[in-house]
Amino acid sequence: MTREYVVNRTKEIIYSCFPELEDKNIQEDTVINTDESIDSMGFVLVICKLEAEFDVKIPERQWSKLMTLGDVVDAIMKRLPKA
């Protein structure tokens, strides 16, 4: 699974949870849990959907460290099975 695929699918999941953000061009350096007005409960929803989508488990203690889209993608990529 490529990083590009994970980035694009993560964006799709964010947009599905927060349709009001669809007109925003979220990039890897976008701080998604503050800059884009995603509150903590919304962020938890996104993380849970991503864990299900990619069949990974991101430890809850790390969630607060995931600030940008790139941070979230890094956390997912780190936990994907190696090909």
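Is Lys 65 buried or exposed? The model shown is predicted, so local features need pLDDT of at least 70 and side-chain atom pairs count only at pLDDT 80 or more, while totals for chains, interfaces and linings use all residues. Residues are numbered from 1 along each chain as its sequence is written, and side-chain values use heavy atoms, with hydrogens and water left out.

**View 1. Helix H1 packs against helix H2.** Here you can follow H1 (residues 3-17) and H2 (residues 40-54), whose axes lie 10 Å apart at an angle of about 135 degrees. That angle makes H1 oblique to H2; angles under 35 degrees count as roughly parallel, over 145 as roughly antiparallel, 65 to 115 as roughly perpendicular and the rest as oblique. The crossing of the pair is right-handed, meaning that the near helix is turned clockwise from the far one by less than a right angle. From H1, the contact draws on Tyr 5, Val 6, Arg 9, Thr 10, Ile 13, Ile 14 and Cys 17, and H2 supplies Leu 45, Val 46, Lys 49, Leu 50, Glu 53 and Phe 54; contact means heavy atoms within 4.5 Å. Sorted by class, this contact of H1 with H2 has 9 nonpolar, 1 polar and 3 charged residues. Nonpolar covers Ala, Val, Leu, Ile, Met, Phe, Trp, Tyr, Cys and Pro, charged covers Asp, Glu, Lys and Arg, and the others, Gly among them, are polar. Helices are DSSP runs (H or I, at least four residues), numbered from the N terminus, and axes are lines fitted to C-alpha atoms over the stretch in contact, with angles running from 0 to 180 degrees between N-to-C directions.

**View 2. Helix H1 also packs against helix H4.** The axes of H1 and H4 are 10 Å apart and meet at an angle of about 120 degrees, which makes H1 oblique to H4. H1 passes H4 in a right-handed crossing. On the H1 side you will find Arg 3, Val 6, Val 7, Thr 10, Lys 11 and Ile 14, meeting Leu 69, Gly 70, Val 72, Val 73, Asp 74, Ile 76 and Met 77 of H4. By class, the contact of H1 with H4 has 8 nonpolar, 2 polar and 3 charged residues.

**View 3. Gly 70 sits among the buried residues of H4.** Gly 70 belongs to helix H4 (residues 69-79) and counts as buried because its relative accessibility is 6%; buried means under 20% relative accessible area, exposed over 50%, and partly exposed in between (1.4 Å probe, protein chains only). Leu 69, Val 72, Val 73, Ala 75 and Ile 76 are also among the buried residues of H4, and their cover includes H1 and H2. Leaving aside residues up to four places away in sequence, Gly 70 touches Arg 3 and Glu 28. Arg 3 is 67 residues from Gly 70 in sequence, with 9.9 Å between their C-alpha atoms.

View 4. The whole structure holds 0 disulfides, a disulfide being a pair of cysteine sulfur atoms within 2.5 Å. For Cys 17, the nearest cysteine sulfur is that of Cys 48, 9.9 Å away, too far for a bond. Cys 17 is buried at 17% relative accessible area, whereas Cys 48 is partly exposed at 37% relative accessibility.

**View 5. Lys 65 lies in a loop.** This residue is in the loop between helix H3 (60-63) and H4. Lys 65 counts as exposed because its relative accessibility is 61%.

Notes. Helix = DSSP H or I, 4+ residues; strand = E, 2+ residues; numbered from the N terminus.
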